[in-house]
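Q: I have a model open and want a quick tour. Can you walk me through it?

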Amino acid sequence: MSLQRLWSRGAIYLVLIAFCLFYLMPFYVMFITGLKPYEDLNVTRMWELPDGIHLDGIKEAWERVAPNFKNTLVITIPAALISSLIGSMNGYIFAKWRFRGSDTIFILFLVGMFLPYQGILIPLVRTLQVFGLYGSQVGLIMVHCIFGIAITALLFRGYYAGIPNELLDAGKIDGCGFFGLYRYVLLPISMPAFAVVLLWQFTSIWNDYLIGLTVLSSPRLAPINVAVQNIAGSWSVEWNVQMSAALIAALPTIVVYLALGKLFMQGLLAGSLKG
Amino acid sequence: MAQGERGRAASPIRVALRRRARWLHGDTALAVLVLLPSIIAVAIFIYGFIVWTGYISTVKWNSSIEDYTSVGLENWRTLFGMERFRWDLRNLVLYAAAFMSQCIIFGFLIAVLLNQKIKGEAIFRTIVIFPFAVSGVVTGVAWRWLMQPTTGINLILQRIGFTNFDFQWNADPTLGILAISLAAGWQFTGYIMALYLAGLRGISDEVREAALVDGASTYRLYRHIIIPLLMPVTFTAVVLTGMGSIRVFDLVMILAGPAFSTDTLAFHMYQATFGQYRWSLGAALGFLMIFLSLFLVVPYMRSMRGEVER
């Protein structure tokens with residue numbers, strides 16, 4: 001390796017490490033601040049490690065957000081499951097049962113997915129109020145399922161489009177109809193797609209703030225991100241509690257991302273239609 | 001060809017399929033039926049509601065009592081005359097410029113560096129995309145602490161020699177919005193990087209080698225070959241980050257600065273509607289956001305059409 005090449009390789013690694021420090025910095029600060037006791041929250045020593053592991057901040061934060069953490073699970077898991085099932089059916093139809101106008105419908109789904117929710121919120125709130133679903137977890141689950149129709153259909157459609165038609169023809173010869181083909185031919189080989197879609201939906205519903213805030217903001221029932229914002233927005237200076245609450249809110253998606261990063265990437269790239 | 005078709009049609013399997021075709025037609029009807037609830041849901045909950053929002057923006061519903069008395073374009077005139085609305089537009093421009101360039105320049109740069117057969121590439125990649133796994137609220141809370149004027153980033157900069165550095169970040173009365181775009185870019189760059197990295201991996205080595213054989217420098221290789229080849233990715237990145245600029249809300253909620261210095265359309269919409277019960281004014285803002293987004297969504301869908309109708 002020539003000297004010049006050594007230099008340029010070294011420079012590349014240095015720049016990459018600098019970027020990584022930038023992207024890790026907020027996590028580092030959240031982590032060390034969360035582990036400090038209230039007395040040690042000194043602005044001049046913000047970057048220094050805590051002098052030991054103090055769990056007061058995390059305990060206090062957990063006491064305040066635990067109900068919301070459970071609420072978010074109660075909302076996110078059913079919503080992710082139901083919307084994945086709907087998406088799988090719709091993706092199957094868009095990929096394998098195209099009829100006149102189905103491509104147009106698909107594009108209209110996608111356009112809808114992109115538009116900001118602010119143009120939808122007021123009628124949404126009014127409609128949920130009329131049906132008695134405003135301020136209820138069922139209402140929020142339903143809204144997440146509806147807003148998930150497009151992205152889940154997109155991801156499943158892409159996956160099913162890659163499955164050769166010959167496989168379905170074989171199923172047809174065996175006497176399978178619309179549901180039979182889905183149930184016996186596609187569903188058994190759909191697990192990779194389900195994993196990607198479930199992961200994607202879980203992450204985006206867990207991380208939602210706007211819809212939870214407008215549809216389900218009562219402190220006891222609200223999802224976790226609303227609760228964390230309430231703690232942060234109360235102008236309290238208990239930074240250790242704030243950081244701990246943020247860490248608790250981030251933990252499930254961080255764990256999922258680290259454990260299943262590859263699936264996360266697949267969703268990221270396949271769903272590059274989504275913002 | 002025609003003979004071939006006839007030949008295939010004569011095979012017993014084809015005959016069986018043809019016979020089934022009429023019955024399959026019933027199956028297509030079934031497919032439409034299964035899709036129907038989703039079509040209705042999207043038609044009502046997205047498109048119907050957008051039209052409804054547009055309608056609300058033309059009525060007198062600016063108190064907690066629902067009032068559908070038509071007032072024409074009065075809400076729109078009110079909106080366009082508001083000082084706060086001018087701040088929203090100014091902030092949209094500043095935010096979009098800063099956020100989009102941060103995501104696209106950093107995203108592209110990191111992707112190019114990661115594509116140089118780096119040891120530990122997976123670790124670097126995981127770290128850069130990491131912020132995208134957490135919510136906007138978590139991002140905001142962490143950055144609010146980092147942007148405290150008396151500590152955080154300022155403290156580090158003062159320690160390393162910039163002793164006079166005392167930018168107020170999100171609390172700055174004129175440039176606070178840029179602090180918010182920095183936090184947003186921190187979160188979203190990894191996504192753009194992943195798109196560019198996938199794009200770079202899609203360019204075959206032969207293209208590079210051919211260029212290098214022709215004596216192109218690395219700079220010329222990127223300037224005249226790689227960057228033009230990646231234009232579709234850049235287009236996607238512009239659309240995604242542009243869309244993110246129009247709708248930014250979570251971060252503003254947490255990092256809001258003094259007066260309207262960090263106000264955005266989405267934040268204004270939320271406060272007007274759910275804070276002041278000026279539903280019709282909020283509807284005008286929401287509808288405007290949809291309208292602005294269409295300038296990005298429609299060209300994007302046009303470019304996607306080939307892919308969709310494969």
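This is a predicted model: local features need pLDDT of at least 70, side-chain atom pairs count only at pLDDT 80 or more; totals for chains, interfaces and linings use all residues.

Q: What is chain A built from, helices or strands?

A: Chain A has 13 helices and zero strands. From the N terminus on, its elements run α-α-α-α-α-α-α-α-α-α-α-α-α.

Q: Is chain A a compact globule, or more spread out?

A: More spread out. Its radius of gyration is 23 Å, while the globule rule gives 19 Å for 275 residues, so chain A is more spread out than a compact globule.

Q: What box do the C-alpha atoms of chain A fill?

A: Roughly 75 × 70 × 30 Å, taken along the principal axes.

Q: And what share of its contacts comes from residues 24 or more positions apart?

A: Counting contacts in chain A with a separation of 6 or more, 76% are between residues 24 or more positions apart.

Q: Now chain B by itself. What are its domains?

A: The domain assignment gives domain 1 as 2-56 and domain 2 as 84-308. Their centres, taken over C-alpha atoms, are separated by 39 Å.

Q: How many residues of the two domains are in contact?

A: Four residues of domain 1 of chain B contact six residues of domain 2 of chain B. On the domain 1 side, two are nonpolar, two are polar and none is charged.

Q: Last topic: how do α4 and α11 of chain B cross?

A: Helix α4 of chain B covers residues 83-114, and helix α11 of chain B covers residues 231-247. Their axes come within 9 Å and cross at roughly 145 degrees. The crossing of α4(B) with α11(B) is right-handed.

Q: Which residues make that contact?

A: From α4(B), they include B:L92, B:Y95, B:F99 and B:M100. From α11(B), they include B:T234, B:A237, B:V238 and B:I246.

Key:
Residues are numbered from 1 along each chain as its sequence is written. Chains are lettered from A and ligands numbered from 1 in the order in which they are written. Domain bounds come from an automatic or database domain assignment. Two residues are in contact if their C-beta atoms, placed from the backbone, lie within 7 Å. Ala, Val, Leu, Ile, Met, Phe, Trp, Tyr, Cys and Pro count as nonpolar, Asp, Glu, Lys and Arg as charged, and the others, Gly among them, as polar. Axes are lines fitted to C-alpha atoms, for helices over the stretch in contact, and angles run from 0 to 180 degrees between N-to-C directions. Helices (H or I, at least four residues) and strands (E, at least two) are DSSP runs, numbered from the N terminus. A crossing is left-handed if the near helix is turned anticlockwise from the far one by less than a right angle, and right-handed if clockwise. The radius of gyration is taken over C-alpha atoms; the globule rule is 2.2 Å times the number of residues to the power 0.38.
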